[in-house]
Amino acid sequence: MEIKIQSIHFDATEKLQAFIEKKVAKLEKSFEDIQKVEVQLKVVKPATAQNKEASITVTVPGTTLFVEKTTDTFEESIDLGVDSMRVQLQKYKEKTRNY
């Protein structure tokens with residue numbers, strides 16, 4: 001599984017990148033055939049609360065799944081994003097198993 005992290009208009013700290021990699025790696029427990037995961041981090045203007053946006057794109061054989069979350073911190077956005085991606089992966093797995 002290839003993990004690609006993009007931080008748009010700012011530099012993500014090593015600590016944040018390590019956190020993202022650790023969280024995203026857990027998605028493999030839900031679905032083994034993940035080919036690529038792209039994480040995009042963006043600070044939404046204007047600088048108010050709820051301005052940290054994280055989008056997660058997961059490429060699996062046959063489709064691409066996408067999740068986007070905006071919260072106060074990138075860690076929280078990643079947490080929520082990974083949780084909802086896990087749900088999507090399980091739904092997709094059920095769908096492919098039925099065919």
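A: Let's start with a term: a residue is buried when its relative accessible area is under 20%. Keep in mind that this is a predicted model.

Q: Okay, then is Y92 buried or exposed?
A: Y92 has 15% relative accessibility, so it counts as buried.

Q: Which aromatic partner does Y92 have, and how are the two rings arranged?
A: Rings pair up when their centres lie within 6.5 Å, and the angle between the planes then gives the label. Here F31 and Y92 make a tilted pair, with 5.7 Å centre to centre and 55° between the planes. Y92 sits in helix α3 and F31 in the loop between α2 (27–30) and β2, so the pair ties together parts 61 residues apart in sequence. F31 counts as buried too, because its relative accessibility is 8%.

Q: How many aromatic pairs are there in the structure?
A: There are 2. F10 and F74 form a stacked pair, at 5.1 Å centre to centre with 10° between the planes. F10 is in the loop between β1 (2–8) and α1, while F74 is in helix α3, 64 residues apart. F74 is buried at 7%, whereas F10, at 22%, is partly exposed.

Q: Now the core: which residues touch the most other members?
A: The general idea is that nonpolar side chains in soluble globular proteins tend to be buried together. In this model the largest nonpolar core has 22 residues, and L27, I34, L41, V58, M85 and L89 touch the most other members. Helix α3 (74–97) is among the elements giving two or more residues, and α3 gives the most, with 6.

Q: What does L27 touch, leaving out residues up to four places away in sequence?
A: L27 touches I34, V58, V82, M85, R86 and L89.

Conventions: Residues numbered from 1 in each chain as written. Predicted model: local features only at pLDDT ≥ 70, side-chain atom pairs only at ≥ 80, totals over all residues. Heavy atoms only, no water. Core = buried A, V, L, I, M, F, W, Y, C linked by side-chain atoms within 4.5 Å. Buried < 20%, exposed > 50% of the residue type's maximum accessible area, 1.4 Å probe, protein only. Helix = DSSP H or I, 4+ residues; strand = E, 2+ residues; numbered from the N terminus. Contact = heavy atoms within 4.5 Å. Phe/Tyr/Trp six-rings, centres within 6.5 Å; stacked < 30°, edge-to-face > 60°.
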